[in-house]
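Hi,

Here is the structure I promised to pass on.

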Amino acid sequence: MSEVMARYSDVGLVGTDARSIEKAFDRALHDERRTLRGAPSRCGAEESRALFVGVRLDDEWSAVERPLAGTWKPPVHPQVVIDQPRGPQEQMDIDNEWAIQVVRGARPATLRFWRWTQPAVVIGRYQCVHDEVDLEAARAAGFQIVKRPTGGGAMFVRPSDVITYSLYVPAPFLEGVAVRASYRLCDRWLVEALRGMDIGFGGMNDVVTPNGKAGGSAQRRYAPLDYGPCAVLHHTTLSYAIDSETMSRLLRVSDEKMSDKAVRSVSKRVDPLCMHTALSREEIMHNLAGYAHRGI
């Protein structure tokens, strides 16, 4: 990586360096092999800092990409599960386990709606917890800190404030689909189901309203194992409500991420669903599960 960067003297990295990227890549490759073999993932004390670029919201709502009409191609008819309440770490373990079951051919395509038993801060697979979270403040407030199997940024979770779901599908579903388009393909049904709230797509992996960000997604591709297929884990978290004061205290947001006029404060960046409907969080979740069950 350092040799590659040396060839491009007019190009620089923001928020990371070549050595950190090399460490993150080596660790990810090592963890991937161990995970697929059923071994526990290694999380060393010395975590490398990976590059995370905050996605800006589109300046104009007219510029937000709208979902394409029609059904998934090739057709996918996932099992729809409203899961039992689980603790934060168990949620992460289930996400990884169910994805590997698809890899092994032991599970069909599945759409799982989560329920949380306690508040949590969930950081991306390649993030350093000390850079993203005020550990003392989080623990004092009763938040468990966990790392998910996908990349992306930190999530602030209170059980009554979020709607989270995971989609586990064989990889051919996204064959030939670019990364940006794959997020829209996996969440298109969601945007169609919530079209009455004026929901659309923004940035690489955000679900947005005209007023801000309503949710975000992350993905991970799993390599084939034995004779099973490749698999994709895609999960999305929607903000139903938000405690912006507590979130601001617990999360460490970089100056670069907050400097743009569109993202000057955490509260202004997030536009929760409760601002657009009188339905409860549970009602929205059950409505979404019903919509998915009827065919997405």
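Strands here are DSSP runs of E, at least two residues, and helices are runs of H or I, at least four residues, both numbered from the N terminus; two strands count as paired if DSSP finds at least two bridges between them. Within this pair, Thr-209 sits opposite Gly-212 of β9.

Before going on, a caveat: this is a predicted model, where local features need pLDDT of at least 70, side-chain atom pairs count only at pLDDT 80 or more, and totals for chains, interfaces and linings use all residues. Residues are numbered from 1 along each chain as its sequence is written, and side-chain values use heavy atoms, with hydrogens and water left out.

Back to the sheet. It is open and mixed, with seven strands in the order β1-β2-β6-β10-β9-β8-β7. β1 (79–86) and β7 (200–202) are the edges, each pairing on one side only.

Two helices to look at:
- α6 (residues 179–193) packs on the sheet, touching strands including β2 (110–116) and β6 (162–170), at about 130° to β9; contact means heavy atoms within 4.5 Å.
- α10 (residues 281–293) lies across β1, β2, β6 and β10, at about 170° to β2.

On confidence, the protein averages a pLDDT (the predictor's confidence in each residue, from 0 to 100) of 75. Residues 28–71 stay under 50.

Cheers

Key:
Axes are lines fitted to C-alpha atoms, for helices over the stretch in contact, and angles run from 0 to 180 degrees between N-to-C directions.
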